[in-house]
Amino acid sequence: MKKLLALLDPYVGLMMLVIALAAVLPVHGRGAAIAATTADVAIAFLFFLYGTRLSPRAALAGLVHWRLHLAILLCTFALFPALGLGVSHLASGVLPPALLVGVVLLCLMPSTVQSSIAFTSIAHGNVAAALCAASLSNFLGVFISPLLVGWLLQTGGVVLSFDVFRDILLQLLAPFLVGQLVRPWLGAWIQRHKTVLGYADRGSILLIIYVAFSKGMVENIWHEVAVADLLVLLAVLTLLLAVVLLLTRFIGRRLLSLPIEDEIALQFCGSKKSLASGLPIASLLFPGPQLGIILLPLMLFHQIQLIVCAVLARSYAAAPARSVSAQGAS
C-alpha cells in the first residue's frame, strides 16, 4: 500500500499548479529566453542523473530472460507506435492536429522505470526482470524515440535536421553517457541522496512544463483546444491503455506462455510510457509554441496509467496461488 501511495503523490497536483501558473503568469520576452536556457540545462541534468542511476551490469544480468525483454521492447517501440498511428488516422478530423501529434508522440516514448518496477512488485511479478527491461527501454529510448519521431511524424512537420541531432547529442546522449562513465564513483552517492535528487529531477520536469505551457499562452494557441476535445482525448487515451493491457496479457499468456511473474512484468513494463523521458525529448523536437498542446496527451496518459495500473496491480496481488518464484523475485 505504501508503494501505491508513493506513486499517487502530490506531484500530480504540482503539475496542474504549474500549468495554472503558466496560464496566469506566462514567462515572455527576456524572461522566456532565460527560462528556456534554464530548461535546457535541466534536461541535460535529468539525463545525467538517468545515466548515473541505470546499471549496465543489472541489464546484462537480466538478458537471460531474452524472450521477455524482446517482447517488452517490441510492445514499447513497435506495438505502441502502430496503435498510435492507427488512432491518429481514425481520430483525424475529430481532434486538433497538435493533439494527434501528441498521441503519436507518447506512443514513441520509452517505458517508465520507477512505476513499472513498483507495480510489478505490488503484483508479485518478476521484479528483477522488470528492472532490467525498464532500464534497457530507457537506455535505448534515448536513441530510438527521437529517430521514430523523425521518421513517423515527418508529415507533421517534424524533420530531424542536423541542429536537432546536435541538440540530442549535446543535451541527451552526452549527459547520459557521462553519467554512465562516472557511475562507478557517483552511483553510491546518488543512491544515498536519491530523495534530494528526486526533488531536483521532478523540479526540472516542472520547469520544462512551465516553459512549454508559457509558450502556448504567449502565442495564444490554447483556443484550439475545446473542453469537448479534452473529453474525447481522455476517452481515446483510456481506450489506448486498455487495448495495450489486453494485448500484453494475450502475448504473455497465449503467444509466449510465460510464467505468471514474467507475464506481470511484461504487462506493466510494456504498457507504460515515461513522462520523465518524454518531456525532455519532446521539448527538443518541438521547440515551437504548440509544445504545450503536444505534451498534453503524454501528461494525461501518465495519470491514467498510474490509476489503472494501481488497481490492476492490487488485483494481481489479491489473486490466489502465487508461485514460489514470484515471491523470490520480490
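A charge counts as sitting over a ring if NZ of Lys or CZ of Arg is within 6 Å of the ring centre and within 35 degrees of the ring normal. I began with this rule and looked for a case. The charged end of Lys-273 sits over the ring of Phe-77, 6.0 Å from its centre. I note here that the model is a predicted one.

**Entry: the whole chain**

I looked up the secondary structure and found 15 helices and zero strands. Of the chain's 330 residues, 52% count as buried. I then turned to the contacts with a separation of 6 or more, and 88% of them join residues 24 or more positions apart. The chain exposes about 14,900 Å², and carbon and sulfur atoms supply 72% of that area.

**Entry: the nonpolar cores**

Which residues touch the most other members of the largest nonpolar core? I listed Phe-119, Val-149, Ile-209, Phe-213, Phe-268, Phe-286 and Met-299, out of the 76 residues in this core. Helix 14 (residues 291-318) gives the core its largest share, 14 residues. Another core, of 12 residues, lies apart from it and includes Leu-68, Ala-71, Cys-75 and Ala-129.

I followed up Ile-209. Once its neighbours within four places in sequence are set aside, Ile-209 is in contact with Met-15, Val-18, Ile-19, Leu-279 and Met-299.

I checked helix 7 (residues 114-122) and found it mostly covered, with eight of its nine residues buried. The buried ones are Ser-115, Ser-116, Ile-117, Ala-118, Phe-119, Thr-120, Ser-121 and Ile-122. After helix 7 comes His-124, and its phi is positive, near 65 degrees.

Helix 13 (residues 275-285) is also mostly covered, and I found 10 of its 11 residues buried. Among them are Leu-275, Gly-278, Leu-279, Pro-280 and Leu-285.

**Entry: aromatic rings**

I searched for ring pairs, and the count comes to three aromatic pairs.

Together with Phe-119, they form one aromatic cluster.

**Entry: Ser-111**

I placed Ser-111 in the loop between helix 6 (97-107) and helix 7. Ser-111 has 1% relative accessibility, and because the cut-off is under 20%, I count it as buried. What does its side chain reach? The side chain of Ser-111 reaches the backbone oxygen of Cys-269 at 2.8 Å. That side chain also makes a polar contact with the side chain of Ser-116, at 3.3 Å. Leaving out residues up to four places away in sequence, I found Ser-111 touching Thr-76, Ser-116, Ser-137, Asn-138, Cys-269, Lys-272 and Ser-274.

**Entry: Asp-229**

Asp-229 counts as buried because its relative accessibility is 13%, and the cut-off is under 20%. Its side chain reaches the backbone nitrogen of Ala-226 at 3.0 Å.

Key. Residues numbered from 1 in each chain as written. Predicted model: local features only at pLDDT ≥ 70, side-chain atom pairs only at ≥ 80, totals over all residues. Heavy atoms only, no water. Core = buried A, V, L, I, M, F, W, Y, C linked by side-chain atoms within 4.5 Å. Buried < 20%, exposed > 50% of the residue type's maximum accessible area, 1.4 Å probe, protein only. Helix = DSSP H or I, 4+ residues; strand = E, 2+ residues; numbered from the N terminus. Contact = heavy atoms within 4.5 Å. Polar contact = N/O pair within 3.5 Å; in protein donor to acceptor, adjacent residues only side chain to side chain. Phe/Tyr/Trp six-rings, centres within 6.5 Å; stacked < 30°, edge-to-face > 60°. Areas by Shrake-Rupley, 256 points an atom, 1.4 Å probe, with all protein chains shown as cover.
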